[in-house]
Amino acid sequence: MDFQLLYPQLLIQILLGLLSVLFAEVVRDAYHLAGHYWKPLQSFHNLHHKAYRRDLSMTSFEAYKKAQLYNDVPESLVMVQVTALAAGIAQSFGIYGMWLGVLYSFVFVIPAIARSQGLLLVTDFAHKQGDLVEIPSQWTVNRTYHWRHHFDQGNAYFCGYFTLTDKMLGTALSLKGKVVGITGASGTLGQALIEELSLQGAKVVAFTTNKSAEFKPGINVCYWELGAESELINRLKTVDILIVNHGVNVHGDRSPEAIIKAYEINTISAVKLGELFLETVTESDHKAIKELWINTSEAEVNPAFSPLYELSKRTLGDLITLRRLDAPCVIRKLILGPFKSQLNPYGVMSARWIAWAIVALAKRDFRDIIVTINPITYIAFPIKEFSQSLYFRLFTSK
């Protein structure tokens with residue numbers, strides 16, 4: 001037997017087997033989507049939603065068994081049938097690894113049948129009763145991620161285990177009905193974000209220090225002053241997502257006054273507001289719904305031709321990386337390249353396009369939202385963020 005030929009073939013079969021598991025999950029997600037949008041399945045899928053309270057306890061054992069029988073059992077059987085069809089086709093070409101997806105699908109069929117008959121009281125991990133203790137996971141589905149499908153927005157968060165489908169569809173974050181606060185709201189990007197988020201069905205609160213700023217009718221405006229961030233605590237309690245977007249660019253000025261101004265606005269004020277918002281994450285469902293987005297800028301890893309802007313934004317970025325280690329809710333970084341604004345009249349991108357890209361990537365659950373024309377940033381930033389996060393984790397403690 002030629003082992004040099006056997007090993008590559010075996011590796012290919014294993015990889016195809018793993019791919020078939022992912023395919024099985026996509027089939028399950030497709031069935032789930034159909035349960036929301038295809039009338040013949042909607043009534044059966046609604047039984048699943050009616051079987052749980054907000055703490056994921058059963059509304060009744062009978063309702064739970066009925067939901068398993070008419071939703072979960074057919075769903076898992078479809079997984080088996082579709083993956084078996086794909087495996088059968090693959091086998092005709094000498095590929096046998098795809099049968100792993102069929103075996104994986106059977107893992108769901110047997111428990112679902114048992115639960116539908118009241119023979120298995122232990123439910124699956126995504127529906128265990130109790131408070132939410134984790135923030136939503138990013139690549140796989142945890143309880144908090146799935147809780148949002150039941151009680152945040154039913155027409156989002158469709159994935160069963162891997163979050164691939166939600167990332168492709170842009171349903172990994174729902175903005176509809178969310179109260180979104182934006183600092184720096186009178187600026188170019190702030191105005192663009194207000195427009196884009198409003199189109200997504202969000203209820204925008206414009207936080208601004210500019211009392212002469214004008215906003216479109218219907219936008220809730222909240223005026224605040226630098227250094228008086230603590231006075232916003234009651235307003236922040238009503239906010240689901242806070243976007244810390246305000247900043248200043250002192251350009252080439254390196255005077256002591258410019259240093260203080262850059263750090264006070266770009267770093268200290270941003271950190272204060274972020275911490276105030278995180279203090280409002282007090283309830284179980286806040287872990288699922290609340291988010292903090294911080295505009296740290298591409299200056300974290302690349303020159304901005306404004307040293308104090310770079311230094312203050314880089315410090316902000318480092319502090320947010322550290323804070324992420326123990327954050328009570330999702331924290332997203334906005335790493336933005338040069339766009340035309342009051343801070344950068346020479347920017348080459350439009351703020352409107354930047355705002356669209358931010359929202360599109362957030363809806364696909366990017367935690368580091370990079371929008372720039374500089375290809376180096378897409379490589380340099382993830383390396384920097386991973387290595388620095390690891391360093392902080394190794395040499396700090398709670």
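Strand β2 (residues 203-208) is mostly covered, with five of its six residues buried; buried means under 20% relative accessible area, exposed over 50%, and partly exposed in between (1.4 Å probe, protein chains only). Helices (H or I, at least four residues) and strands (E, at least two) are DSSP runs, numbered from the N terminus. This is a predicted model, in which local features need pLDDT of at least 70 and side-chain atom pairs count only at pLDDT 80 or more, while totals for chains, interfaces and linings use all residues. Residues are numbered from 1 along each chain as its sequence is written, and side-chain values use heavy atoms, with hydrogens and water left out.

**Strands around β2**

- β2 pairs in the parallel sense with strand β1 (residues 179-183) over five bridges; two strands pair if DSSP finds at least two bridges between them.
- In this pairing, Thr183 stands opposite Phe207 in β2.
- β2 also pairs in the parallel sense with strand β3 (residues 220-223), over four bridges.
- Here Val205 stands opposite Asn220 in β3.
- A right-handed β-α-β unit is made by β1, helix α7 (residues 188-199) and β2. Right-handed means that, with the strands pointing away from the viewer, the path from the first strand over the helix to the second runs clockwise.

**Nonpolar surface patch**

- Tyr7, Leu10, Leu11, Ile14, Leu15, Leu18, Leu100 and Leu103 form a nonpolar patch on the surface, with about 820 Å² of accessible area together.
- A patch is made of residues with over 30% relative accessible area and no salt bridge; like charges are joined within 9 Å, and nonpolar side chains (Val, Leu, Ile, Met, Phe, Trp, Tyr) within 5 Å.
- A salt bridge is a side-chain nitrogen of Lys or Arg within 4 Å of a carboxyl oxygen of Asp or Glu.
- Accessible areas come from the Shrake-Rupley method with a 1.4 Å probe; for residues, only the protein chains shown count as cover.
- Helices α1 (3-37) and α4 (99-116) each supply at least two residues of the patch, and the largest share, six residues, comes from α1.
- Tyr7 is placed in helix α1 and counts as exposed because its relative accessibility is 54%.

**Two residues and their contacts**

- Ser105 lies in helix α4 and counts as buried because its relative accessibility is 0%.
- Leaving aside neighbours within four places in sequence, Ser105 is in contact with Ala24, Met79, Val80 and Thr83; contact means heavy atoms within 4.5 Å.
- Lys287 lies in helix α10 (residues 286-289).
- Not counting residues up to four places away in sequence, Lys287 touches several residues, among them Leu132, Glu134, Thr144 and Pro328.
- Lys287 and Val330 are 43 residues apart in sequence and 7.7 Å apart in space, C-alpha to C-alpha.
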